[in-house]
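This report describes the fold, packing and aromatic contacts of one protein model. The sequence and structure are shown first.

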Amino acid sequence: MFGRMTAHVDLPEGAIRLTQYAAGGGCACKVPPGELERVLGGLQGGRATGELLVGVENGDDGAAVRIDPAPDGSGRAVIVTADFFTPVVDDAYDWGRIAATNAMSDVYAMGGTPIVAVNLLGWPRELIPFELAAEVMRGGADACAEAGAHLAGGHSIDDREPKYGLAVTGLGDPDRLLRNDAATPGLPLTLTKPLGLGILNNRHKATGERFEEAVAVMTTLNREAAQLAHAAGVRAATDVTGFGLLGHLMKMMRASGTTAVLDAAAVPYVAGARESLAEGFVPGGSRRNLDWVRDEVDSEVDDDELLLLADAQTSGGLLVVGEIPGHPVIGEVIPASEHAIRVR
């Protein structure tokens with residue numbers, strides 16, 4: 001599906017570059033993970049209890065609530081999530097597709113199916129023509145249509161920076177949710193999309209070069225990966241987004257009381273990611289991710305390799321505890337040890 005690096009600049013003279021209207025870009029503009037954990041740790045409520053099956057405890061991708069329970073305890077679970085960010089690419093339509101695909105990924109990462117979504121839009125009306133906002137939302141609508149999810153309404157505000165995403169509601173089987181706390185020793189780790197998106201997006205923002213493979217990766221739904229995970233009996237999964245592979249893997253290992261052994265050489269990358277790293281195109285979010293996880297990582301590789309593994313992804317793939325066809329195994333889960341992750 002994904003191939004060699006292709007990059008070009010084809011914006012017409014005078015075209016608006018959306019990435020220049022935001023300090024950050026994509027999931028790299030998330031609040032630093034360590035700071036977020038400190039804030040959330042002091043909040044009351046949101047913990048799984050009763051019909052709330054998944055809450056804030058383990059940093060899962062969405063909240064899950066059991067509805068219409070059957071006498072045998074089965075039924076359905078509603079999965080709810082929201083995700084939005086500043087422009088990751090200059091093309092308005094592509095940004096809309098990427099943001100919507102990324103938001104729906106949280107539902108797939110929980111083992112559910114997106115049913116309905118609403119737009120979340122912030123727009124600097126005095127700086128950027130509002131017609132471009134319509135293109136962004138058209139991209140979001142097309143991504144939802146591909147997923148078979150309804151897109152109906154939403155909320156917009158006048159904002160200093162452009163922002164777009166979705167609040168998404170999905171359905172899942174409460175007994176087959178994919179969770180952060182269900183990793184089991186002895187199982188392999190599978191990754192369903194290549195890394196390096198944050199680095200290439202950072203280069204795009206700096207130079208205007210367009211990377212077709214990166215756009216293709218970011219607009220690919222995680223629907224098939226989630227279906228394959230369910231068919232394989234997987235119980236633990238997450239998607240790899242703003243906290244990078246190392247950050248999301250660390251959260252899963254801590255929640256499950258396990259350790260991951262990561263084979264750095266087995267991890268796939270988007271073409272051009274390594275070259276762009278060597279040229280200095282590293283998002284600040286990726287560096288913050290590495291700083292956050294460093295004490296939990298026992299590593300035999302250099303910092304450049306760790307930066308790639310910590311790269312802040314936008315609309316990345318699923319990280320699955322189990323083996324699924326057609327996707328690379330990048331490591332395994334073992335019983336808990338001194339560090340949450342060993343990189344070899």
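## Strand 8 and its partners

P188 stands opposite E332 in strand 14. The two strands concerned, strand 8 (residues 188-191) and strand 14 (residues 329-335), run antiparallel and are joined by three bridges. Strand 8 also pairs with strand 13 (residues 318-321), again in the antiparallel sense and over three bridges; here L189 has V321 as its bridge partner. Two strands are taken to pair if DSSP finds at least two bridges between them. Helices (H or I, at least four residues) and strands (E, at least two) are DSSP runs, numbered from the N terminus.

## Basis of the model

The model is predicted: local features need pLDDT of at least 70, side-chain atom pairs count only at pLDDT 80 or more, and totals for chains, interfaces and linings use all residues. Residues are numbered from 1 along each chain as its sequence is written, and side-chain values use heavy atoms, with hydrogens and water left out.

## Overall composition

The protein contains ten helices and 15 strands. Of its 344 residues, 51% count as buried, where buried means under 20% relative accessible area, exposed over 50%, and partly exposed in between (1.4 Å probe, protein chains only).

Among contacts with a separation of 6 or more, 84% are between residues 24 or more positions apart. A contact means heavy atoms within 4.5 Å.

Six strands form an open sheet of mixed pairing, in the order 2-3-4-7-5-6. Strand 2 (52-54) and strand 6 (150-158) stand at the edges with a single partner strand each, so one side of each has no neighbour in the sheet. From one strand to the next, the twist averages 20°. Within the sheet, strand 4 (residues 76-85) and strand 7 (residues 163-172) pair in the antiparallel sense over nine bridges, and D83 stands opposite L166 in strand 7.

Helix 2 (residues 92-109) packs on the sheet, touching strand 4, strand 5 (113-123) and strand 7, and its direction makes about 30° with that of strand 7. Helix 3 (residues 130-147) lies across strand 5, strand 6 and strand 7, and runs at about 170° to strand 5. Axes are lines fitted to C-alpha atoms, for helices over the stretch in contact, and angles run from 0 to 180 degrees between N-to-C directions.

## Aromatic pairs

A search of the whole structure finds three aromatic pairs. Rings of Phe, Tyr and Trp (its six-membered ring) pair if their centres lie within 6.5 Å; planes under 30 degrees apart count as stacked, over 60 as edge-to-face and the rest as tilted. The rings of W95 and W123 are stacked, because their centres are 6.3 Å apart and their planes lie at 25°. As W95 belongs to helix 2 and W123 to strand 5, the pair ties together parts that are 28 residues apart in sequence.

W95 is buried, with a relative accessible area of 0%, and W123 also counts as buried at 1% relative accessibility. Together with Y164, W95 and W123 form one aromatic cluster.

## Helix 7

Eleven of the 13 residues of helix 7 are buried, so this helix is largely enclosed by the rest of the structure. Among the buried residues are G244, H248, K251 and S256. Just after helix 7, G257 takes a positive phi of about 70°.
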